Amino acid sequence: MDREMIMTGVMSEENCEPDYSFGERCEDESLEGPIHEDQTAPISSTWIPGILWSICAAFGLAVHMILVEYLTESVHPVQSLFIRSCFLLIFVLFISWENSREYDSADCLANLLFGLFDVVGMGAGYVAVSRLSVADASAILFNKPIPASIIAWILLGEPFDVSDFILAVINGIGLVILSESTAASTSGTITGSPASGIVLALLGLFFLSCMFNSARWLSLRQREDPSLLGFMSGTFGVWLSAVYLSSTNSWGIPYTARNISLSVALGFATMFEIYAMAMALNNMSVLIVSAVKTAAIPLTYLYVILIFGEVAAWQTFVGVGMTLVTSISICLKSYFQNRSNHYSER
């Protein structure tokens, strides 16, 4: 099984041309359209828009997390998750119900797990943002490619060779350096200590990596519907956050114009991020899209530097650099391996 799960393009029934809409695929799955064939090309008509949409998703993710940081100053972090989830429910309008009839129990389970893992991971990340700077929390939370590859090796039986192990070790060292630097430079907040924020960010990283593998498994079976995935995240998020907020009496009303504006902006930023990610996944693999989305990490640090004038310690930059370089390296390795296999088969 190749590490990189090829995300095939969306096809119309008449001529199997790519049409990039949220849904219907060519019924004859033996036909490999241009999107499938171009996945391994160095520069193709699908890679360019795929990269651009991935960058847009990274930008949306960075804005999304920055808005969460502002919003959690006045409402509970889990309520921010509730607001995010409400806006995700709109993706029910774009689900391909016709194709969903072909899903078996395993496909349904994968979609359910995607939603559950996403909500738990992002929820942990939101609480971490209330205890750390948004940049430090994002640096840990979105370091997904390496941990996701390890989980794929354990659960999905994907290859994991010596070079992957070396990259994983370097990535882990980078996370340790980043965590220690964050704990030393953060005094904590009224919501909790920086140590608990780091633990929550690492917990969120684990669940988001599991979510990542749910998407990879669905893409292998050509059963991925980004609208359905977004809707599942919204459904789980609304129910779980509502139960938590009600049971802990933590509801807050964003009664000021500022808080209302932040809530609406958070919803639209989330929708933009999910839409951009969906468009990217129609053009390229889940692994590459996830790697490009790590651009959200330097974007959040740039925000902290430009807005607050806070420059992180050099240890923080070393840790972030190690995690980013290893994440990009394992994705490039996967790309060139698949490209080599593609041309050798010809």
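With which side chain does the side chain of Glu-273 make a polar contact? In this predicted model, the partner is the side chain of Lys-293, at a distance of 3.4 Å. Glu-273 is found in helix 11, which spans residues 257–281, and it counts as buried because its relative accessibility is 5%, the cut-off for burial being under 20%. When neighbours within four places in sequence are left aside, the residues in contact with Glu-273 are Ala-57, Gly-60, Leu-61, His-64 and Lys-293.

Of its 346 residues, 54% count as buried, and, among contacts between residues at least 6 apart in sequence, 84% join residues that are at least 24 apart.

A nonpolar patch on the surface is formed by Phe-59, Phe-272, Leu-299, Leu-302, Leu-306, Ile-307 and Phe-308, which together have about 690 Å² of accessible area. Helix 13, covering residues 296–308, supplies the largest share of the nonpolar patch, namely five residues. Leu-302, one of the residues that form the patch, is found in helix 13 and counts as partly exposed because its relative accessibility is 43%, a value that lies between the cut-offs of 20% for buried and 50% for exposed residues.

Conventions
Residues are numbered from 1 along each chain as its sequence is written. This is a predicted model: local features need pLDDT of at least 70, side-chain atom pairs count only at pLDDT 80 or more; totals for chains, interfaces and linings use all residues. Side-chain values use heavy atoms; hydrogens and water are left out. Buried means under 20% relative accessible area, exposed over 50%, partly exposed in between (1.4 Å probe, protein chains only). Contact means heavy atoms within 4.5 Å. Patches are made of residues with over 30% relative accessible area and no salt bridge: like charges are joined within 9 Å, nonpolar side chains (Val, Leu, Ile, Met, Phe, Trp, Tyr) within 5 Å. Accessible areas come from the Shrake-Rupley method with a 1.4 Å probe; for residues, only the protein chains shown count as cover. A salt bridge is a side-chain nitrogen of Lys or Arg within 4 Å of a carboxyl oxygen of Asp or Glu. Helices (H or I, at least four residues) and strands (E, at least two) are DSSP runs, numbered from the N terminus. A polar contact is a pair of N or O atoms within 3.5 Å; within protein, one must be able to donate a hydrogen and the other to accept it, and residues adjacent in sequence count only if both atoms are side-chain atoms.
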